[in-house]
Amino acid sequence: MGAAGASALLLLADGRFPAGGHAHSAGVESAVADGRVHDLASLDAYVRGRLRSAGVVDAALAVATWQAVGTAVDEAAQRAALVALEAQASARLPAEPLRRASRRLGRQLARVSARCWPSAALATLVDVCPEGAHLSVAFGVVGLAAGLDAPDLALLVAHHTLTTPAQAAVRLLGLDPFACAALTARLGTLAAEVAGEAAVAGRGPLDELPARSGPVVDIAAVEHPGWDLRLFAT
């Protein structure tokens, strides 16, 4: 990855990048409501679980997308690859509210990224998925357009898996932001381990991509949209 790719990686990892992630808690709002997350230690356990489940799944899908779209011989092959990857992503999101949220986030990520790194691949993604691609698939195409390599793309997705719930917990529980920042730093080693696993898995057959889940998180995600008052979309 060259200097331009490194700059893109920093921009995409920045929580101020307008891709819509600030409106999502990655399930922490539900976990706070039912007591699963109530302090820094329980947040630590929650984030570790997310990294080992959704983190490795999403990062592997992003790498698989990066590889499939990047090696496609023509636009028709890219389109076929994107359709297959979208199906793989949907199969790994059993909760319909999470599918909708994933596509909203993917649409926003593709929209802002197309302004930053215009590319034919991003234009094809928007055309194939007019209602929005899943976030993991969108990350794969964006990584390709921005000049990221597979390991750094996987680490970027793991970083978002780590920081989204941690930042939401600060707002929901009033946790010390310095302590949460230290927590994310301590978990950096685990995030790198997850990213390494995903980078390898993402280069294998699509049907053999990781398919780990968190059933309690999925159940809570189905109930969450019906709340009378909530701060986050998920």
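Predicted model: local features only at pLDDT ≥ 70, side-chain atom pairs only at ≥ 80, totals over all residues.
User: Which residues meet where H8 and H10 touch?

Analyst: On the H8 side you'll find Pro151, Ala154, Leu155, Ala158 and Leu162, and they meet Ala191, Ala192, Ala195, Ala198 and Ala199 of H10. By class, that contact has ten nonpolar residues, with no polar and no charged ones.

User: H10 packs with H3 as well. What angle do H3 and H10 make?

Analyst: About 35 degrees, with the axes 8 Å apart. H3 passes H10 in a right-handed crossing. From H3 the contact draws on Arg48, Leu51, Arg52, Gly55, Val56, Ala59, Ala60 and Val63, while H10 brings in Leu190, Ala191, Glu193, Val194, Glu197, Ala198, Ala199 and Ala201.

User: What makes up the contact of H3 with H10, by class?

Analyst: Eleven nonpolar residues, one polar and four charged. Arg and Glu count as charged, and among the residues in this contact are Arg48, Arg52, Glu193 and Glu197. Gly counts as polar, and Gly55 of H3 is part of the contact.

User: Why is H7 said to be largely enclosed by the rest of the structure?

Analyst: Nine of its twelve residues are buried, so H7 is largely enclosed. The buried ones are Ser136, Val137, Ala138, Phe139, Gly140, Val141, Val142, Gly143 and Ala146.

User: What is the phi of alanine 26?

Analyst: It's near 55 degrees, a positive value in a residue other than glycine. Alanine 26 sits in the loop between H1 (3–13) and H2 (28–33).

User: Why does alanine 26 count as buried?

Analyst: Its relative accessibility is 15%, and buried means under 20%.

User: How do you know whether proline 165 is buried or exposed?

Analyst: Go by its relative accessible area, which is 0%. With the cut-off for buried at under 20%, proline 165 is buried. This proline lies in H8. Leaving aside neighbours within four places in sequence, its contacts are Ser25, Ala26, Val28, Leu43, Tyr46, Val47 and His160. Proline 165 and glutamate 29 are 136 residues apart in sequence, yet 8.7 Å apart in space, C-alpha to C-alpha.

User: What about serine 42: why is it called buried?

Analyst: Serine 42 has 11% relative accessibility, and the limit is under 20%, so it counts as buried. You'll find serine 42 in H3 (residues 40–71). Not counting residues up to four places away in sequence, serine 42 touches Arg36 and Val37.

User: And what makes glutamate 223 count as it does, buried or exposed?

Analyst: Glutamate 223 comes in at 53% relative accessibility. Exposed means over 50%, so glutamate 223 counts as exposed. Glutamate 223 belongs to H11 (residues 215–223). Proline 97 is 126 residues away from glutamate 223 in sequence, but the two are 9.1 Å apart in space, C-alpha to C-alpha.

Note on methods: Residues numbered from 1 in each chain as written. Heavy atoms only, no water. Contact = heavy atoms within 4.5 Å. Helix = DSSP H or I, 4+ residues; strand = E, 2+ residues; numbered from the N terminus. Buried < 20%, exposed > 50% of the residue type's maximum accessible area, 1.4 Å probe, protein only. Axes fitted to C-alpha atoms, helices over the stretch in contact; angles between N-to-C directions. Left-handed = near helix turned anticlockwise from the far one by under 90°.
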